[in-house]
Amino acid sequence: MTLKTFFLRITLVLLLLSLCTPLYAWAVTDRDRADRAAQSACSYLLAKEKKDGPLMSWSYISLALAGEDLSKTMAEQAAREQEDLAFESGETNDYATLIFLLLATGGDPRNCRGHDLLEEIEDSQQPGGKYPDNVKQGGERLVNAHIWAVLALETACADASPEAEDKALQWLVSNQHTDGSFNWDAKSKDPDVDSTGMALMALGALGEDANSFAVKKAAAYLQNVQKESGGFESWGEENLESCGLAVNGLLSVGMDPLCPHWHKNNGDILDAILGYQLPDGGFSHTSGGRADEMATAQSVLALESIVHGSPFYAFMRNAFAKNDDAEERPEREVRFTVGRAGYSVRTGDNTRNETADAAPFVSGGRTYVPVRYLAAGIGVAAGDIVWDPGRNTVALSFEDTRVEMTVGDKRAAVNGETRLLDTPPLLKDGRVFLPARFVAEAFGYSVDWNASSQEVIIFK
């Protein structure tokens with residue numbers, strides 16, 4: 001080899017390395033992966049509709065959650081067909097699906113062909129607390145019917161009484177097995193991953209969290225049966241839907257399904273879910289299978305829940321449901337819109353619109369808001385915002401809480417206690433942008449995301 005050839009090869013190698021470096025410098029986050037997979041799945045569903053006609057109800061529910069415009073689809077036809085099915089069968093599960101679909105398509109569950117679906121479900125609750133198998137005929141066997149009634153009522157902002165909710169909770173807990181699992185059949189003692197994931201969703205909707213004994217038992221069961229792939233099996237085989245239900249169940253009770261606690265030797269739950277996606281964007285029910293519409297719809301529910309960090313029904317409630325009960329309104333609500341320099345603050349019945357010179361943006365599945373306006377929106381005084389340009393640190397103080405963060409660093413401090421972020425503060429165009437959810441929650445606020453309006457909603 002001549003000296004000239006040697007240096008030519010070295011130069012080529014260095015050039016290739018320089019081209020590859022950005023791939024490592026800009027690592028794709030879990031939320032990026034989930035978002036891309038969800039969008040690809042939605043493309044599959046829309047292409048399937050164009051080819052084969054109306055999709056299943058849950059396909060349209062999933063598309064709405066992903067921000068797709070259902071007015072350009074056959075969702076209205078699917079809603080009419082779901083109405084026919086629900087009113088003919090009376091099955092509680094059919095009623096619940098109809099409620100979700102009406103919310104997704106802009107319908108009103110309280111006035112559907114003269115039916116108040118929420119009232120009919122509420123009135124059907126059995127003396128022992130169970131929502132029946134059939135709204136018209138009763139029935140005490142189907143645990144999943146009880147679960148989906150709870151979720152539908154929660155999603156549609158029904159005004160169930162505390163007594164009714166407590167009875168519903170007690171009935172559900174009474175059907176938990178000693179190993180922490182649940183089964184769709186109240187007469188069966190066989191453990192079932194799918195039913196356990198669904199039960200966790202209902203437990204969360206009924207106010208239980210990670211400190212609940214029933215929740216701890218259910219989560220322990222799921223961890224014990226989780227596969228080395230990171231996924232789960234039900235009915236004797238690993239499958240996509242079991243993973244999705246586990247994701248939504250854990251998120252419902254405040255657990256992070258992607259934390260190290262749920263990482264196995266061959267990956268985590270997200271890795272397992274993505275393993276079912278095919279080149280056309282669709283998802284198969286089991287590994288090596290063909291694209292399946294129901295599996296694809298369920299994948300979107302799970303993936304969108306990962307993107308937004310909340311169970312699909314909670315995200316759906318805040319994005320689509322209407323709650324006219326003024327007493328239920330948050331005492332303070334701040335709304336930022338992605339790409340718009342300005343925000344609104346509502347306290348009580350008074351709303352004021354504030355100007356801003358920087359707009360929120362989304363990166364890695366997280367919404368970033370300029371520190372000055374995020375702080376002002378939740379009530380932090382200007383003098384309690386301290387920026388140290390030399391150290392690239394920002395400190396916010398409000399009431400009895402102090403939050404300290406450093407640009408580019410995933411470590412933060414809340415009252416001196418170190419917390420780990422999944423995404424750090426950023427410096428953009430001379431402005432410091434903070435991850436809205438972490439900061440707001442540190443000060444005791446809750447955060448929701450409205451996909452249709454691209455709004456981040458901070459409320460207390």
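## Burial of Asp 194

A residue counts as buried when its relative accessible area is under 20%. In this predicted model, Asp 194 has a relative accessible area of 15%, and therefore it is classed as buried.

Asp 194 belongs to helix H9. Beyond its neighbours within four places in sequence, Asp 194 is in contact with Ser 234, Ser 242 and Leu 245. With Ser 242 there is also a polar contact between the two side chains, at 2.5 Å. Thr 401, by contrast, lies 40 Å from Asp 194, C-alpha to C-alpha, and 207 residues from it in sequence.

## The second largest pocket

By residue type, the lining of the second largest pocket consists of 13 nonpolar, ten polar and four charged residues.

## Strands E4 and E5

Strand E4 (residues 342–347) runs antiparallel to strand E5, and six bridges join the two. One of the pairings links Val 345 with Arg 352 in E5.

How many of the six residues of strand E5 are buried? The count is zero, and strand E5 (residues 350–355) is hardly covered. Asp 194, as noted above, is buried.

Definitions and conventions
Residues numbered from 1 in each chain as written. Predicted model: local features only at pLDDT ≥ 70, side-chain atom pairs only at ≥ 80, totals over all residues. Heavy atoms only, no water. Nonpolar A, V, L, I, M, F, W, Y, C, P; charged D, E, K, R; others polar. Helix = DSSP H or I, 4+ residues; strand = E, 2+ residues; numbered from the N terminus. Buried < 20%, exposed > 50% of the residue type's maximum accessible area, 1.4 Å probe, protein only. Contact = heavy atoms within 4.5 Å. Polar contact = N/O pair within 3.5 Å; in protein donor to acceptor, adjacent residues only side chain to side chain. Pairing = 2+ DSSP bridges.
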